[in-house]
Each structure stands twice: as structure tokens, then as C-alpha cells.
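Let's take a walk through this protein together. Have the sequence and the 3D view ready, and follow along.

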Amino acid sequence: MTPAVMVGIDTEADDQWSQQGRDRMDVRNADRLPALQALCDEYGIRPTYLVTHEMATRPESVAVLTGLARTRRCEIGAHLHPWSSPPFRPEDLAAHTYPHNLPLDLLERQLTELTATIETAIGARPTTYRAGRNGFDGRTLPILERLGYTVDTSVDPLFNERRKGGMVFAGAPVVPYHPAYDDVRRTGTSPILEIPITAATDPPLPKALERAYARSSTLGKPGRVADVIGISRIFDAPGRRTSA
């Protein structure tokens, strides 16, 4: 059987993980998307560009994304950053808020606005979603369903930002599944198809140790479990990840 490779690309403003980057909201990285698309074409991959609000509203990034969408060689999805998707609150900008920590009505308003903006600006109604900072829980599922989404790609089985107020996905399936409303780490009845982000330890560890790593409450702190068992980094396809 030929393996299937699915590539989802967080398509967002430059340098979102520093205050300077959030203040500028530059979208110069959009200029590199055609080259990335050409690489995907070379390997027969149809990527999904998961687009934030700023990428769907800046003329320079909209021009690139619209051009790519028209070729039908890619999919346009949505990527919610609460600090850049209106209506947002000053405290969300300052705290880099996880989507799942928003009040439910505000989360729905932001997702509705983002979806409509992408469709209007790029000409493609998004049906695939990924939460910024993997901030995804069961409350999000009914909103996505009402907006016509069919796929989510927010769950990362090795993701753990409990200490920062983020999600913990330890124990989630590593194959596509339909999540439960009360716990997106379990199989349930939502019509949304969850396609987990590919994740692994480097060097490879037995699955039991991977699960222990993902559940640890000491991640990110001095003397964390990763140091104890010798994990040098965590990465997710297609590239290495050292922070959310």
C-alpha cells in the first residue's frame, strides 16, 4: 500500500512568537508560498494552507493565496489566532490567548468572521481547521459543524501546554477519528474528522514513554522529564517544533 502524506501549513504573519512580530504583523512570508507549492507539486502533495485573518486581509498575501487557490493544487483552510482575528480583546493580544480559553460567544464570533473573510477574500470556503496554539476542545466542535467544516487538524498526541493554560492531548488516537464532544482525545460522535498532527520523539521512544512525556506536568520547567529520559526535542511533520 502506498503511504498517504497530508501536509497542513500554518499560514500566518511572520514571527508570531515575539512581541515585535505581533506588533508588526508582517506577511512577507507569503512571497515564499509559490516555491513551497512547487516543492509539494514535485512530490505529488496537495497541501492545505491554514490561513489566519491577517493573511486573508493583507493585499500582498491575498494575491498569493488567491493565485494558488485558483490552480486547485492546494486547499485553503482556516487557522484561528485570537489575538489577530476580530473581534479580539486587548488582553487576548497581550496573553497570546488559546482559542479554547475564549468565552464561547467570542470564539463563535471569531470563527464566523474568519471563515467569511477567507471565503470573500480568497474565493474558497474553508472546510479544514486548525486552532492557533492547538487550543482546541469539544466546545469548538458544534461551531465548526454549523460553519460547514468537515476536518480538524488541531490534536497533537504529544502536545502539552498545561502549565501555560493550554491543552494536553496525551492518549489521543494517532490515526484519523471522529472526536467526542466531552473529550476530543476520545472517539465520539462528532461528524468532524480529526486528523491528528504527526508527532514523535527524537530519538524514538516506546509508546508508553511517549505517553508519559505527553502527560508530564513538568514540561518546559528546569529538570523536565524530557531531560531525564534524554529526549532532545519534539517535532511534528513536516518540520521540527520546539514551541507551540
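Let's start with a pair of charges: the side chains of aspartate 26 and arginine 28 meet in a salt bridge, with N and O 3.6 Å apart. A salt bridge here is a side-chain nitrogen of Lys or Arg within 4 Å of a carboxyl oxygen of Asp or Glu. Before going on, a word on what you're looking at: this is a predicted model, where local features need pLDDT of at least 70, side-chain atom pairs count only at pLDDT 80 or more, and totals for chains, interfaces and linings use all residues. Residues are numbered from 1 along each chain as its sequence is written, and side-chain values use heavy atoms, with hydrogens and water left out.

Back to arginine 28, which counts as exposed at 57% relative accessibility. The cut-offs are simple: buried means under 20% relative accessible area, exposed means over 50%, and partly exposed is in between (1.4 Å probe, protein chains only). Arginine 186 is partly exposed at 38% relative accessibility, while aspartate 182 is exposed at 63%. Salt bridges can also link up: through shared partners, Asp14, Arg24, Asp26 and Arg28 are joined into one network. How many salt bridges does the count come to? The count is 14.

The side chains of arginine 133 and glutamate 161 meet at 3.4 Å, N to O. Arginine 133 lies in the loop between β4 and α6 (140-146), and glutamate 161 in the loop between β5 (151-152) and β6 (193-194), so the pair ties together parts that are 28 residues apart in sequence. Those element names come from DSSP runs numbered from the N terminus: helices are H or I with at least four residues, and strands are E with at least two. Arginine 133 is buried at 12% relative accessibility, and glutamate 161 is buried at 8%. Arginine 133 has another contact: its charged end sits over the ring of tyrosine 98, 3.9 Å from the ring centre. For that label, NZ of Lys or CZ of Arg must be within 6 Å of the ring centre and within 35 degrees of the ring normal.

Next, the sheet. It is open, with 6 strands in the order β1-β2-β3-β4-β5-β6 and parallel pairing. The edge strands are β1 (8-11) and β6, each pairing on one side only. Two strands pair if DSSP finds at least two bridges between them.

Let's follow strand β3 (residues 75-80). Strand β2 (residues 48-51) runs parallel to β3, and 4 bridges join them. The chain gets from β2 to β3 through helix α3 (residues 59-71), in a right-handed β-α-β crossover. Right-handed means that, with the strands pointing away from the viewer, the path from the first strand over the helix to the second runs clockwise. Which residue of β3 is the bridge partner of leucine 50? That's glycine 77. β3 also pairs with strand β4 (residues 128-131), again in the parallel sense, over 3 bridges. Here alanine 78 has tyrosine 129 as its bridge partner, and leucine 80 stands opposite alanine 131.

In a regular strand the side chains alternate between the two faces of the sheet. In β3 both faces are covered: Glu75, Gly77 and His79 are buried on one side, and Ile76, Ala78 and Leu80 on the other. With 6 of its 6 residues buried, β3 is largely enclosed by the rest of the structure.

Tyrosine 129 takes us on to the aromatic rings. Rings of Phe, Tyr and Trp (its six-membered ring) pair if their centres lie within 6.5 Å; planes under 30 degrees apart count as stacked, over 60 as edge-to-face and the rest as tilted. There are 2 aromatic pairs by this rule. Tyrosine 129 and tyrosine 149 form an edge-to-face pair, 6.1 Å centre to centre with 70° between the planes. Both of these tyrosines are buried. Phenylalanine 159 and phenylalanine 169 have ring centres 6.0 Å apart and planes at 40°, so this pair is tilted. Phenylalanine 159 and phenylalanine 169 are buried too.
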